[in-house]
Amino acid sequence: MKYDNEIARRKTFAIISHPDAGKTTLTEKFLLFGGAIQVAGAVKSNKIKKGATSDFMEIERQRGISVATSVMSFEYNNTLINLLDTPGHKDFAEDTYRTLTAVDSVILVVDSVNGVEEQTRRLMQVCRMRKTPVIVFINKMDRDGKNRFDLLEEIEKELSISLHPMTWPINQGKDFKGVYDLHNKNLRLFTANTKATDDDTISFSDLSSSVLDESIGDRDAATLREDVELIDGVYGELETKSYLSGDVAPVFFGSAINNFGVKEMLDTFIRIAPTPRDRETNKRPVAVNEEKFSGFIFKIHANLDPKHRDRIAFLRVCSGKFERNKYFHHVRLDKDVRFSNPYSFMAREKNVVDDAYPGDVVGLFDTGNFKIGDTLTEGEDLFFTGIPTFSPEIFKEVVNKDPMKTKQLEKGLLQLTDEGVAQLFTQFGGNKKIIGCVGELQFEVIQYRLLHEYGASVVFNSLPFYKACWLTSKDAKKLEDFARFKQGNIAEDKDGQMVYLAQSEWFLNTERNNNPDIEFHFTSEVHK
Ligand code: G4P
């Protein structure tokens with residue numbers, strides 16, 4: 001096919017982790033390997049520092065950084081890597097979920113001291129839903145962490161994924177001596193506070209060699225032999241097929257800050273990670289090597305400058321070739337649009353790009369035409385599916401403080417929720433507007449932006465809900481009766497889908513038990 005060469009040399013992925021596990025550090029090491037940056041410290045952490053939640057300068061600074069690092073493209077070993085950034089702050093978790101719909105694989109960083117943490121669970125849930133191939137990097141082996149076998153068991157159990165060790169650590173913390181590469185059968189020695197080099201690698205055709213004892217001491221050599229025998233017996237060679245289907249995750253141990261264990265992982269990533277894949281739509285699967293262009297918007301980034309309400313919409317190319325100044329079909333609006341200044345993000349600089357291929361991400365200037373999940377094609381009417389919306393965790397009623405600005409408020413709410421900053425619900429039978437978010441920080445952002453960009457002044461009243469469930473039923477009458485009976489808990493989302501707002505798990509379970517003909521969904525898809 002026409003663009004096969006371009007597709008075959010691209011890999012698009014994201015690094016995900018609980019904050020502080022080492023995502024920024026690992027990203028930086030990757031960029032150093034790829035030559036995209038020259039010095040350590042060039043990648044700013046995109047997390048909002050603790051205690052700065054009300055500081056809008058901080059939010060703005062953060063947003064500035066996250067535009068610049070939204071996509072980091074670099075070349076390594078003839079492969080064009082698109083690394084999509086995910087926000088570190090928990091309150092922006094929805095953004096991360098959507099970014100996961102635009103990647104073909106994921107590297108998950110787990111802190112060896114803390115093990116599986118809360119945010120990791122949710123992120124992996126999205127990966128499992130989408131069958132995204134995952135590589136796990138167990139970081140901070142230079143610190144006294146959990147026992148390695150216990151860690152593997154914990155990850156497997158908590159994240160419901162089978163693991164396959166690719167390297168095996170020799171001790172940890174101050175006794176950490178390095179890793180044994182189970183695939184290449186070599187030992188990589190670790191020295192604290194020095195960067196790993198190829199000189200620290202010893203190859204073994206046979207682990208019983210006395211060189212092993214000389215390198216790491218008799219006791220550790222004996223333990224390693226036992227461990228390797230056990231692991232080889234249990235796991236054998238990694239089957240790439242089971243990694244690609246998202247069933248088995250290869251695991252590497254290392255220390256990102258010491259650049260230790262990172263290159264092995266990157267080399268394996270280049271070898272096994274998927275190139276851009278075919279994608280499902282509401283009409284038919286779109287093959288990645290189709291000649292005609294298609295792509296979808298997975299993220300929208302607003303300019304916080306009140307004088308310019310423009311935004312950048314991030315488009316993932318799914319098939320064909322995206323071209324500057326060419327007319328494409330905006331399916332939802334049923335109109336043709338073209339872009340004179342699309343951006344690419346090569347070497348962390350924004351550059352105007354003339355064309356882009358499957359796997360690439362292009363930044364498009366937008367004045368309010370796009371919302372998350374929008375599809376562009378060369379004319380065909382289809383929508384990419386599998387872009388989930390999760391239930392918010394905090395719900396508040398919007399109270400308009402300035403009735404003269406009702407129109408502006410409505411417009412602002414619609415546009416902000418199109419961007420995916422929050423979810424908007426309208427209570428059934430009334431017109432109470434309810435905003436649902438993952439974190440408190442978003443309410444502050446919304447209040448600030450409504451005032452500064454739309455001139456609308458609002459306050460929020462807390463509501464006693466903890467979860468939204470999307471409702472469907474084969475029996476329309478039953479659904480209608482339920483909605484009438486439970487009016488105070490029923491709302492519509494922006495697309496007119498019926499939602500049940502539950503006060504607590506107990507209420508939710510009770511309603512589910514009492515209404516077996518009604519399905520309660522924990523996620524909603526932008527397009528079904
Ligand atoms: P994040 O993006 O996942 O939130 O994590 P980030 O890379 O910012 O790393 C969090 C902290 O963990 C940083 O320390 C970083 O230096 C440290 N770190 C990363 N990898 C390793 C490792 O392999 N071993 C050890 N011991 N520490 C590691 P910090 O003090 O919070 O920030 P900084 O002042 O060092 O930047």
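Select arginine 121 and glutamate 158 to begin, whose side chains meet in a salt bridge at 2.7 Å, N to O, a salt bridge being a side-chain nitrogen of Lys or Arg within 4 Å of a carboxyl oxygen of Asp or Glu. The pair links distant parts of the chain, with arginine 121 in helix 5 (residues 118–130) and glutamate 158 in helix 6, 37 residues apart; helices (H or I, at least four residues) and strands (E, at least two) are DSSP runs, numbered from the N terminus. Arginine 121, at 35% relative accessibility, counts as partly exposed, and glutamate 158, at 36%, also counts as partly exposed, where buried means under 20% relative accessible area, exposed over 50%, and partly exposed in between (1.4 Å probe, protein chains only).

This is a predicted model, in which local features need pLDDT of at least 70 and side-chain atom pairs count only at pLDDT 80 or more, while totals for chains, interfaces and linings use all residues. Residues are numbered from 1 along each chain as its sequence is written, and side-chain values use heavy atoms, with hydrogens and water left out.

Next, select aspartate 111 and lysine 140, which form a salt bridge with their closest N and O atoms 3.4 Å apart. Both of these residues are buried.

Move on to lysine 494 and aspartate 418, whose side chains meet in a salt bridge at 2.4 Å, N to O. Lysine 494 lies in the loop between strand 28 (490–492) and strand 29 (498–502), and aspartate 418 in helix 11, 76 residues apart.

Finally, select Glu6, Arg9, Arg10, Glu75 and Asp360, which are linked in a network of salt bridges.
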